[in-house]
Structures are given as C-alpha cells and as structure tokens.
Amino acid sequence: MNTLKAETRNMSIKAKALRKEGFVTGCIFGRELKESIPLKMEKGEVERLLKSEGKGGRVLLQLEGKTYDALIKEVDYNPLKGFVEEIDFQALVSSEKVHSSAEIHLINESKLVAGIPQQMLHEINYKALPASLVEKIELDVGDLKVGDTIRVKDLEIAKDQNIDLMTDLDSTVVTVTEPRVNADVTSETEEAAE
C-alpha cells in the first residue's frame, strides 16, 4: 500500500496561495474523527501516488505522527492546467462498510478478431469492509465477438459475497459492435473498381 505524507493546513492561508507554493489541498474525514482535518500535501508526492492509485484506492496517510488507513474519495483536477488541485480521503474503520468505486479497465482489446469494444461503464459503485475493497477491475475483452455484451452481473465483483454492489446488475459494461464503414468511401471504392 502506498504512503502519503500530509500536514494540517492552516485555513488562514488561501488554497490558491498554497497551490502556488507547490501544495495540493484536501481533507480527511471519518467516523472516528471528531471533525474533518484540512490537509496540504506536496504536489509531487500526490502526483506520484496518483500514478498507481485513483479514486477508490487505499493509502496510508501519515499526518503529524499518526498514520491513517484511508480511501481516496475525491480527486479534483484543474481542467485547464491538467494538475491536481484537491484530494479528499476517508479514514477507514476495519469494522465499517464504506462506499467506494472500482475503475473498469479493458484489457486485450488488440486481440479482438472483429468488432470494436464500446465501453459504457467506467466504474462500479459498491459498499464493502476495508479488507474487501477493490480499486480496479481488469476486464479481458480479447475473446469477445461482434454482438457480445458484458453486464455488471457477469463480472467477478458481482459474485463476491463481501461486496454490496450499488450499480445496477443489468447495466452494460461493454458491448462489441461492428466497425462502421463510411458509405461515401464504400461507393467511391466500388466505382474505382468498375
């Protein structure tokens, strides 16, 4: 599990000023905390963390001598500059189920003999104890054929007794469609062949 160092943020300093100094702002909250704790973290450390963890990922958050087993709840990016501005964490309690999401990644797309995979769902929402958290689902689409559809109920996560899915079991995750050929290109090719 990745570790991230954080400091308690002084709320008298604006977030914009902290970002100029190379920090990412955020907070940690949880049932066993009296109130949420505002945080500041080094931008480089956060970017390194986000290369391997995303929303729904677990991290050991070190905050002034204490270590929290935490879940990444929210990541806010600046859409114009493309960097992280804020990241929020939920401190986990081993005996309490938490809401989380698992990202769906398609693998072996290049092995598809025919058809194009259309991914309809990019994450699955669920509740689970910290020990059962899933942050990423790899879905092998290499053996699928045109017309094949995979729904949430077909995934391994749906069979896990320790996970309560919040996403509809009948939701389509991916479907394989025929590649579309532009009608104008086809008629021009036919004319050239004549």
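Two strands count as paired if DSSP finds at least two bridges between them, and the strands themselves (E, at least two residues), like the helices (H or I, at least four residues), are DSSP runs numbered from the N terminus. The model is a predicted one, in which local features need pLDDT of at least 70 and side-chain atom pairs count only at pLDDT 80 or more, while totals for chains, interfaces and linings use all residues. Residues are numbered from 1 along each chain as its sequence is written, and side-chain values use heavy atoms, with hydrogens and water left out.

Four strands in the order β10-β7-β9-β12 form an open sheet with mixed pairing. Because β10 (136-140) and β12 (163-165) stand at its edges with a single partner strand each, one side of each has no neighbour in the sheet. Neighbouring strands here are turned by 40° against each other on average, direction ignored, where the axes are lines fitted to C-alpha atoms and angles run from 0 to 180 degrees between N-to-C directions.

Within this sheet, strand β7 (residues 98-107) pairs with strand β9 (residues 123-128) in the antiparallel sense over six bridges, whereas β7 and β10 run parallel and are joined by five bridges.

A further open sheet has three strands in the order β8-β13-β11, with antiparallel pairing. Its edge strands are β8 (116-119) and β11 (149-151), each of which pairs on one side only, and its neighbouring strands are turned by 15° against each other on average, direction ignored. Strand β13 (residues 172-177) is joined to β11 over three bridges in the antiparallel sense.

The table lists some residues that stand opposite each other in these pairings.

| Residue | Opposite residue | Strand of the opposite residue |
|---|---|---|
| Ser101 | Asn125 | β9 |
| Ile104 | Ile137 | β10 |

**Two nonpolar cores**

A nonpolar core is a set of buried Ala, Val, Leu, Ile, Met, Phe, Trp, Tyr and Cys residues joined through side-chain atoms within 4.5 Å, and buried means under 20% relative accessible area, exposed over 50%, and partly exposed in between (1.4 Å probe, protein chains only). The largest such core has 24 residues, and Ile124 and Leu139 have the most contacts inside it. At least two of its residues come from each of β7, β9, β10 and β13, with β7 giving the largest share, four residues. Leu139 touches several residues beyond four places away in sequence, among them Ile104, Ile150 and Val173, contact meaning heavy atoms within 4.5 Å. A second, separate core of 22 residues includes Leu4, Leu39, Met41 and Val46.

In helix α2 (residues 43-52), the buried residues are Val46, Leu49 and Leu50. They lie on the same side of α2 because they cover an arc of only 95° around the axis, the arc being that of the directions from the helix axis to the C-beta atoms. On the face turned away from this buried side are the exposed residues Arg48 and Lys51. The strands that the buried residues of α2 pack against include β1 (2-8), β3 (37-42) and β5 (66-77).

Asn78, in the loop between β5 and β6, is buried, with a relative accessible area of 12%. The side chain of Asn78 reaches the backbone nitrogen of Leu80 at 2.9 Å, and Asn78 also touches Phe83 and Glu85, when residues up to four places away in sequence are not counted.

How values were computed: Polar contact = N/O pair within 3.5 Å; in protein donor to acceptor, adjacent residues only side chain to side chain.
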